[in-house]
Amino acid sequence: GATRVSHSNHFRSSFFLAVRKKKTRSELGSDRGKFEARKMALAFDEFGRPFIILREQDQKTRLRGIDAQKANIAAGKAVARILRSSLGPKGMDKMLQGPDGDVTITNDGATILEQMDVDNQIAKLMVELSRSQDYEIGDGTTGVVVMAGALLEQAERQLDRGIHPIRVAEGYEMASRVAVEHLERISQKFEFDVNNFEPLVQTCMTTLSSKIVNRCKRSLAEIAVKAVLAVADLERRDVNLDLIKIEGKVGGNLEDTELIYGILVDKDMSHPQMPKQIEDAHIAILTCPFEPPKPKTKHKVDIDTVEKFETLRKQEQQYFDEMVQKCKDVGATLVICQWGFDDEANHLLMHRNLPAVRWVGGVELELIAIATGGRIVPRFQELTPGKLGKAGMVREKSFGTTKERMLYIEHCANSKAVTIFIRGGTCILFILHLLINNSFLGYGLGNKMMIEETKRSIHDALCVARNLIRNKSIVYGGGAAEIACSLAVDAAADKYPGVEQYAIRAFAEALDSVPMALAENSGLQPIETLSAVKSQQLKENIPFYGIDCNDVGTNDMREQNVFETLIGKQQQILLATQVVKMILKIDDVISNSEY
Ligand code: ADP
Ligand code: MG
């Protein structure tokens with residue numbers, strides 16, 4: 001059955017409300033009218049994935065002039081409206097059901113749009129918009145779409161007043177330049193270094209505070225910052241995020257999430273009595289069988305006496321003994337094999353004190369080889385000291401009372417790569433989901449969902465830390481920067497004598513929609529809250545006042561430690577303006593059938 005998900009701003013926590021309801025396509029008509037003047041409809045396909053129907057296209061295939069612009073604006077606005085309620089620390093989460101019934105619960109704008117099956121070209125542009133922000137900055141993916149939606153809404157009003165779309169587009173361009181410059185002016189540099197990274201942690205905490213995982217924002221932010229600093233090149237101010245691997249394993253608590261200075265392999269030592277910890281490990285990485293050659297089936301071995309059997313066995317044992325000796329001779333203190341070896345060999349390895357790990361996959365072997373600077377050895381004869389990988393510490397860690405064990409390969413010789421290892425407990429969201437959906441999917445799935453969302457949230461935090469290393473400037477969040485820009489753009493409008501000034505004013509008003517959405521999502525009166533904060537900013541000429549989403553008792557975002565990166569905010573404004581300009585410039589929509 002299809003699951004519809006709807007949201008209500010009356011809930012002040014970040015819970016979701018899911019309504020289970022079967023719908024046929026003919027029934028979907030009743031959803032119409034929720035969106036723009038009955039032109040748009042948000043519908044759900046048989047798998048519960050939302051998609052958008054643009055109504056005019058039922059009747060007309062070709063739209064020209066103002067009709068085309070209006071229809072396109074409506075499509076863009078519809079997408080923005082879906083994301084609007086997810087913005088901010090009190091934003092709602094969305095539950096998306098995939099084609100094979102897999103469920104994603106997320107608060108991340110890019111992810112929501114990614115998973116939605118949008119069938120309108122303009123709506124797809126909005127998806128692209130969110131993706132670009134994700135690609136360039138990593139955070140602010142919801143905000144950028146909300147901003148674009150507000151710009152479209154304002155543009156529509158200007159068109160209704162009879163202002164030509166090109167004039168609106170040009171006005172927006174000027175306004176965006178004013179806003180971006182103003183951001184630069186109000187931005188603050190904040191200093192940090194490897195020893196004092198508290199400011200970085202604070203900024204990452206702002207990002208995480210709007211996520212489902214905000215319960216652990218402090219520890220997750222610290223992990224993210226430490227990970228970024230571990231791989232950062234502070235001199236070149238560059239961070240290669242590819243060096244940070246994010247792994248997850250169901251079980252334990254979110255609090256158990258940890259940072260590993262190295263790589264993680266989901267394997268254990270082949271024998272329980274082997275040492276659990278090897279310092280300064282020299283690792284032989286073998287893709288050849290680590291056991292005596294087995295008689296192939298096509299060969300015939302006659303064993304007709306007990307003696308012959310004994311000799312063969314001895315020979316095999318001796319052969320293996322020599323292999324072990326060879327490993328020891330080249331200096332290996334740990335053997336990692338792609339293949340297995342039998343219990344007898346295992347026992348011998350334990351006795352000869354050569355720890356080994358078996359059945360390690362090809363991909364992981366490669367990863368180990370790259371990180372430790374070792375070479376994969378495909379033929380046993382080729383094993384030489386130079387081919388061994390080196391790691392400061394290899395240890396096996398077991399989790400709680402479970403039998404699960406993982407291998408930590410830390411302080412590798414060749415790589416700064418780190419791993420963030422996420423643990424996830426049963427999440428309350430998931431239990432809610434079970435109750436509402438009245439179906440039991442197993443706790444494992446619920447935990448996995450939590451881990452997936454944690455991965456996305458950590459990704460955002462990593463991006464924020466990276467951006468700050470690239471550029472140390474920050475602006476204040478909670479809508480403070482937007483309100484400051486709105487005031488600046490409004491003031492600038494007077495300087496333009498042309499029709500553009502209307503568009504510039506409209507841009508200023510659109511900027512207000514971000515703090516308005518934040519207030520609305522937090523259960524505050526949007527207009528009253530906004531005007532109070534705005535007049536406070538004007539009166540004291542201080543750009544730090546924003547929306548007090550968490551009811552802390554102050555509007556001063558400096559006190560609340562709500563920062564965002566300058567480049568992130570600038571990028572949001574620039575990208576949103578670009579997309580809206582693009583949409584405004586389309587005046588002819590020709591579908592395939594017209595050709
Ligand atoms: P995005 O995907 O755009 O990052 P978020 O859901 O993360 O969307 O919301 C980001 C917005 O929430 C930003 O405008 C940010 O300044 C604001 N915000 C985050 N934390 C707080 C807070 N504690 N108080 C007020 N505003 C906050
Ligand atoms: Mg965010």
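Predicted model: local features only at pLDDT ≥ 70, side-chain atom pairs only at ≥ 80, totals over all residues.
Student: How many helices and strands does the secondary structure of the protein come to?
Tutor: The protein has 595 residues, of which 54% count as buried. Among contacts with a separation of 6 or more, 73% are between residues 24 or more positions apart. The secondary structure comes to 18 helices and 21 strands.

Student: What is the strand order of the open sheet with mixed pairing?
Tutor: This sheet is made up of 3 strands. Its edge strands, each pairing on one side only, are strand 9 (244-250) and strand 10 (258-260). Neighbouring strands are turned by 25 degrees against each other on average, direction ignored. The order is 9-18-10.

Student: Which residue in strand 18 stands opposite E258?
Tutor: Strand 10 pairs with strand 18 (residues 418-424) in the antiparallel sense, over 3 bridges. Within strand 18, the residue opposite E258 is F421.

Student: At about what angle does helix 8 run to strand 18?
Tutor: Helix 8 covers residues 217-231 and lies across strand 9, strand 10 and strand 18.

Student: Is K249 buried or exposed?
Tutor: K249 has its place in strand 9. Leaving aside neighbours within four places in sequence, K249 is in contact with D266, E404, M406, F421, I422, R423, G424 and I451. Its relative accessible area is 11%, and the cut-off for burial is under 20%. Therefore K249 is buried.

Student: Which side chain does a polar contact of 2.8 Å join to that of K249?
Tutor: E404 and M406 are among the residues in contact with K249. The polar contact of 2.8 Å is between side chains, and the partner of K249 is E404.

Student: Which residues of strand 13 point the other way from L334 and I336?
Tutor: Strand 13 covers residues 334-337, and L334 and I336 point one way from it. These two residues and those pointing the other way are all buried. The residues pointing the other way are V335 and C337.

Student: What is the bridge partner of L286 in strand 13?
Tutor: Strand 12 (residues 277-286) and strand 13 run parallel and are joined by 4 bridges. In strand 13, L286 has as its bridge partner C337.

Student: Which residues of helix 11 are buried?
Tutor: An α-helix has 3.6 residues a turn, so residues three or four places apart point the same way. The buried residues of helix 11 (residues 362-372) pack against strand 11 (262-265), strand 12, strand 13, strand 15 (376-377), strand 16 (389-398) and strand 17 (405-412). Just after helix 11, G373 takes a positive phi of about 75 degrees. The buried residues of the helix are L365, I368, A369, A371 and T372.

Student: How far apart in space are C463 and D134, C-alpha to C-alpha?
Tutor: C463 lies in helix 13 (residues 443-470) and is buried, with a relative accessible area of 2%. Not counting residues up to four places away in sequence, C463 touches I137, G138 and L241. C463 and D134 are 329 residues apart in sequence, yet their distance in space is 9.0 Å.

Student: What is the bridge partner of I474 in strand 20?
Tutor: The open sheet of order 8-19-20 has antiparallel pairing, with strand 8 (188-189) and strand 20 (563-565) at its edges. Strand 19 (residues 473-476) pairs with strand 20 over 3 bridges. In strand 20, the bridge partner of I474 is T565.

Student: Which residues come nearest to ligand 1?
Tutor: A backbone N or O atom of T141 lies 3.3 Å from an oxygen atom of ligand 1. A polar side-chain atom of T142 lies 2.7 Å from an oxygen atom of the ligand, and for a polar side-chain atom of E564 the distance to an oxygen atom of the ligand is 2.6 Å. Of the 21 residues around ligand 1, those that come nearest are T142, G143, S210, G478 and E564.

Terms used. Residues numbered from 1 in each chain as written. Chains lettered and ligands numbered in written order. Heavy atoms only, no water. Pairing = 2+ DSSP bridges. Axes fitted to C-alpha atoms, helices over the stretch in contact; angles between N-to-C directions. Contact = heavy atoms within 4.5 Å. Buried < 20%, exposed > 50% of the residue type's maximum accessible area, 1.4 Å probe, protein only. Near = heavy atom within 4 Å. Polar contact = N/O pair within 3.5 Å; in protein donor to acceptor, adjacent residues only side chain to side chain.
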